[in-house]
Amino acid sequence: MRLDDYIEDLEPDEEAERRRLAKEKSYAITDHLEEFERKFDDALSGDTLVGSTSPSIFVGRSNYPDIPVGLLSPVGDEDAAEEYVTDGDWYRQGYAIDDVLQRRTGLLNSSKRANVDSPSIASRLTPSVHDTWDGFVGVQREVAIADRPVDLEIGLDDKPDLGLDAGTDVATPRGPQANARNADLTENPHVPRPVKKTLEDDDWQAEGAMTYLYRRGFDVYEINSILSAGALGQTKQRRLVPTRWSITAVDDTVGQYLRGRIRNAPSIDEVQVWANEYVGNRYWIVLAPGNWEFELVEMKAPGSIWNPNPEDDLWMASASEGYEGRSSYVEETAGAYYAARLGVLEHLESIGRQAKCLVLREVSDDYWAPVGVWQVRESVRNAFESEYGEAETFHEAVSEVATRLPVSGARLRRKSELAAGLQSNLSAFSNAK
């Protein structure tokens with residue numbers, strides 16, 4: 001389909017009105033927390049949360065290396081525990097921002113402090129993390145490596161704090177938290193064979209173990225949980241990894257693996273423009289013939305969660321890499337860069353091609369609360385499930401897309417190396433000035 005016809009036919013965001021209403025009715029989150037408190041009181045037996053089911057874990061980063069480690073469990077909805085796990089199903093089910101917040105505020109984070117290398121901060125003589133399969137940290141690791149929610153009992157020191165942590169553009173928002181005294185399994189978790197293999201190999205570096213699990217069909221969400229619990233890597237190098245860090249580490253590691261897979265692949269032979277929109281974020285993905293290059297440009301509107309002052313100017317950020325990849329961490333666009341890059345590389349690897357890629361992320365003021373970097377990953381992944389528009393040149397594609405952006409083409413070129421035509425190997429972009 002020609003690019004102008006493709007853009008003309010793009011459906012308006014049908015969720016926009018519902019997101020607006022959700023924003024106006026955000027008091028529903030407060031009501032949800034009050035309902036959580038009632039369910040919590042019903043589930044508590046003395047100071048023990050009986051019949052709890054944990055589908056996932058959380059590892060914090062405050063006061064590193066002595067950090068909070070937690071078990072996440074729904075209260076009063078244990079039979080639906082899998083629905084509370086952050087993964088691609090949330091996108092496929094069309095979760096809006098308020099749906100995400102209600103899932104996250106429905107998860108109790110029962111946590112204790114632990115050292116990243118040792119399960120107890122009381123003594124440096126305690127076993128290293130890789131030896132720990134009992135106590136609170138051991139139970140947490142069992143939950144992380146299991147392929148389904150695990151039944152357990154959790155002893156608590158106090159009632160939960162019902163404050164809502166809004167999270168970041170990487171981490172999903174978190175809900176109620178309580179200090180845990182202990183945790184005990186009430187069933188034997190089922191651990192997939194590939195995970196057992198990575199645990200049993202004392203010399204397997206974390207990067208190799210991550211790509212092995214990915215090749216065996218594990219999604220990055222599952223690998224992230226296993227890495228975070230200190231269950232990957234050479235035995236004596238294993239340590240607890242804060243969730244926010246592990247999310248980006250897995251996206252980056254799997255992305256590097258996929259980049260290697262397409263390194264010698266033939267190029268695509270046409271300029272393609274793909275688009276997708278979700279929870280107040282619109283994505284434009286421009287693929288052009290040539291060797292692998294990648295750039296993410298973010299445009300965050302005044303009044304959005306990351307540019308909250310409605311009187312401010314639109315905020316822009318960008319980061320890029322060439323054929324050899326990056327040698328340093330991306331600061332400006334952070335986790336969104338690695339999540340978007342992963343979605344593009346998965347598509348290119350699936351078709352056996354490489355390309356130059358420019359991803360444009362427009363964050364509107366409909367994005368009134370952060371839901372986590374998973375929405376970037378899933379939005380880019382799923383953009384390739386629809387039809388695309390064709391353009392004669394990369395320059396034509398960027399110029400046409402720029403007419404739909406909240407910034408001028410000139411401002412975009414000042415921020416984007418690819419749009420400005422400044423990177424190497426520009427034979428495919430001879431018209432870009």
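This is a predicted model: local features need pLDDT of at least 70, side-chain atom pairs count only at pLDDT 80 or more; totals for chains, interfaces and linings use all residues.
Residues are numbered from 1 along each chain as its sequence is written, and side-chain values use heavy atoms, with hydrogens and water left out.

View 1. Phi of Asn 63 is near 60 degrees, a positive value in a residue other than glycine. Asn 63 counts as exposed because its relative accessibility is 58%; exposed means over 50% relative accessible area, buried under 20%, and partly exposed in between, with a 1.4 Å probe and protein chains only. For context, most residues other than glycine have a negative phi, and most peptide bonds are trans.

**View 2. Val 279 has a positive phi in a loop between two strands**. Look for Val 279 between β8 (271-278) and β9 (281-288). Its phi is near 40 degrees, a positive value in a residue other than glycine. Val 279 counts as buried, with 2% relative accessibility.

**View 3. Val 297 and Leu 358 are in contact**. Val 297 is found in strand β10 (residues 293-300), and Leu 358 lies in strand β12 (residues 356-363). Val 297 is buried, with a relative accessible area of 0%, and Leu 358 counts as buried at 0% relative accessibility. Contact here means heavy atoms within 4.5 Å. Not counting residues up to four places away in sequence, Val 297 touches several residues, among them Met 316, Ala 317, Ser 318 and Leu 412. With the neighbours within four places left aside, the contacts of Leu 358 include Trp 284, Ile 285, Val 286 and Phe 394. The C-alpha atoms of Val 297 and Leu 412 are separated by 8.5 Å, although these residues are 115 residues apart along the chain. For Leu 358 and Phe 394, 36 residues apart along the chain, the C-alpha separation is 9.8 Å.

**View 4. Glu 346 is a buried residue of helix α11**. This helix covers residues 334-351. Glu 346 counts as buried at 16% relative accessibility. Leaving aside neighbours within four places in sequence, Glu 346 is in contact with Tyr 214, Leu 258 and Arg 381.

**View 5. Helices α6 and α12 are largely enclosed by the rest of the structure**. In α6, 10 of the 11 residues are buried, including Phe 136, Arg 141 and Glu 142. In α12, 9 of the 10 residues are buried, among them Trp 374, Glu 378 and Arg 381.

**View 6. The largest pocket lies between domain 1 and domain 2**. Domain 1 (18-254) and domain 2 (264-422) both give residues to the lining, so the pocket lies between them; the domain bounds come from an automatic or database domain assignment. On a 1 Å grid over the protein atoms alone, a pocket is an open set of points where a 1.4 Å probe fits, with protein on both sides within 12 Å along at least five of seven lines, and lining residues have an atom within 4 Å of a point. The largest pocket holds about 950 Å³ of space, where grid points are joined across faces, edges and corners and the volume is the space filled by probe spheres set on the points. Of its 49 lining residues, Ser 56, Val 85, Thr 86, Tyr 221 and Glu 222 lie nearest the centre. Elements that each supply at least two lining residues include β3 (56-59), α6 (135-145) and α12 (374-383), while α9 gives the largest share, 7 residues.

Conventions
Helices (H or I, at least four residues) and strands (E, at least two) are DSSP runs, numbered from the N terminus.
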